[in-house]
Amino acid sequence: MTTDLPQTIRLNPNDNVIIALKDLTSGATVSGLDVPLVESVARGHKIASRPIAEGEKVIRYGQTIGVASHAIAPGVHVHVHNLGMGGHTEAQEFSTEIRSLPVPSEKRHFMGYHRADGNVGTRNYLGILTSVNCSGSVARFIAEAVEKQGWLDQFDNVDGVVPIVHGTGCGMSGSDEGYDTLFRTLQGYARNPNFAGILLLGLGCEVMQVPDLVGRGRMRSDGNFRYMTIQQSGGTRKSIERGVDQLREMAAEANKITRAPAGLEHLMIGLQCGGSDGYSGITANPALGAASDLLVSHGGTTILSETSEIYGAEHLLTRRAVTPEVGAKIVERIRWWEDYTARNGGEMDNNPSPGNKKGGLTTILEKSLGAVAKGGTAPLTQVYKFAEPVTERGFVFMDSPGYDPCSVTGQIASGANLIAFTTGRGSVSGYQPTPCIKLATNSEMYGRMSEDMDINCGDIITDAVSLEDKGREIFELFLRVASGEETKSEELGFGGAEFVPWQMGAVM
């Protein structure tokens with residue numbers, strides 16, 4: 001039953017701001033404030049709880065989220081008009097706060113698809129992986145032809161055919177960081193355990209050559225792999241016919257694989273947030289962090305990403321790194337991003353987005369502190385480049401942009417067989433072949449978009465549900481979805497447009 005909702009919340013005793021938990025009007029007397037509210041403040045936004053001098057640090061979560069651009073009186077709305085980044089620096093400490101997780105009292109499992117390489121899938125798809133944008137339409141034609149012919153219905157254990165289409169693969173260098181990143185991404189998708197088989201489709205003359213992917217890439221170890229180019233196959237119609245025939249052969253093999261029990265060491269979950277708001281760091285993100293700790297304690301793996309959205313909070317991760325060398329990799333990636341944004345005419349505080357700011361977030365420092373909460377408290381075992389295979393179990397970090405579909409693409413290429421996605425503004429997306437669980441940060445948005453959201457974390461505020469209980473609820477959903485329960489994004493058919501490789505370097 002819903003309790004009386006408090007007007008505000010102070011997240012740390014050292015904070016000099018409080019957070020509005022409902023829309024508040026000018027002149028109101030509110031909890032946590034000794035003077036009447038100076039101006040109206042929307043829910044999720046910050047209010048100064050004591051005088052803050054010009055140039056003084058503004059504190060939320062007990063951490064710096066920026067400095068006052070001019071003096072702020074108690075009861076004043078704190079946002080973009082009076083809060084800026086300032087000269088952000090944080091002292092880096094390495095491996096000083098490593099916390100062991102409690103050992104579970106019982107061994108849990110899920111029902112998954114066991115692969116020849118020892119990995120386990122949560123879905124059993126066939127994929128049409130394209131080497132270049134020029135083969136994208138034919139890949140979709142092949143998938144449409146399979147659907148129209150109807151023969152896939154004979155194979156009860158095959159979830160469908162997924163065309164993996166993108167906007168690059170040519171007009172690029174064949175020997176730079178951008179090429180290597182795309183190569184790893186395509187290789188990683190071909191190996192993702194949620195695919196039971198892969199048809200690799202190229203045009204023939206592109207920079208990202210099919211023979212290189214097949215030879216140097218060594219795409220799959222189970223033999224359920226085919227490849228072809230449109231030029232060698234004789235054009236569109238013949239490529240469709242040949243592609244359909246090959247998928248029929250692969251479907252027969254894929255259908256022999258059935259779900260069987262698997263330990264949670266075979267679950268690898270990508271942690272994402274998108275359309276964040278002022279509630280993200282209070283409800284859904286720390287609740288997902290609690291679920292992440294539960295999975296890691298059972299031997300599973302969670303992947304935190306979005307490097308541009310840990311900026312200002314990276315010191316919280318370096319302290320949890322299992323070795324100083326692992327922590328130093330986080331710092332190296334942050335320095336790379338500072339250089340990357342500068343040489344492309346941007347800056348790290350270009351993030352948050354307009355929607356984030358409307359929801360109450362002001363600086364990237366504030367957004368990052370909330371985003372890092374998705375990673376719970378487990379030790380950080382390793383740091384990976386975008387789409388690099390994740391080989392260490394536990395809580396890890398993968399470098400990526402903050403752009404959600406691109407970041408998830410990297411996580412799936414790294415091996416994620418499940419995605420957990422928190423949102424405050426109401427993101428809608430899905431990521432075939434990997435199911436995506438959507439977590440709403442606030443009850444109002446969940447009510448409007450319940451057909452898209454799998455779990456409401458807003459009841460942490462509205463019904464005083466504990467973060468521990470919500471984390472357990474999310475963890476149990478992990479296991480049900482991994483065993484075949486459909487997510488809302490799967491029911492709606494998402495996943496056909498969200499493959500977005502990180503396109504780096506010059507387009508020629």
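Predicted model: local features only at pLDDT ≥ 70, side-chain atom pairs only at ≥ 80, totals over all residues.

Entry 1, helices 1 and 5. I looked up how helix 1 (residues 136-149) lies against helix 5 (residues 236-254): the axes are 9 Å apart and the angle is about 55 degrees. From helix 1, the residues in the contact are V138, F141, I142, A145, V146 and Q149; helix 5 brings T236, S239, I240, G243, V244, L247 and R248. By class I have 8 nonpolar, 4 polar and 1 charged in this contact.

For helix 2 (residues 177-191) and helix 11 (residues 404-414), I found axes that come within 7 Å and cross at roughly 55 degrees. That makes helix 2 oblique to helix 11. The crossing of helix 2 and helix 11 is left-handed. R184, T185, G188 and Y189 of helix 2 touch T409, I412 and A413 of helix 11. I sorted the residues of this contact into 3 nonpolar, 3 polar and 1 charged.

Which residues touch the most other members of the largest nonpolar core? The core has 75 residues, and the answer is L129, Y189, I310, L317, L380, F397 and W502. Y189 is also in the contact of helix 2 with helix 11. I then followed L317: setting aside neighbours within four places in sequence, L317 contacts L304, I310, I330, V372, L380, F395 and F397.

Key
Residues numbered from 1 in each chain as written. Heavy atoms only, no water. Axes fitted to C-alpha atoms, helices over the stretch in contact; angles between N-to-C directions. Helix = DSSP H or I, 4+ residues; strand = E, 2+ residues; numbered from the N terminus. Contact = heavy atoms within 4.5 Å. Nonpolar A, V, L, I, M, F, W, Y, C, P; charged D, E, K, R; others polar. Core = buried A, V, L, I, M, F, W, Y, C linked by side-chain atoms within 4.5 Å. Buried < 20%, exposed > 50% of the residue type's maximum accessible area, 1.4 Å probe, protein only. Parallel < 35°, antiparallel > 145°, perpendicular 65-115°, else oblique. Left-handed = near helix turned anticlockwise from the far one by under 90°.
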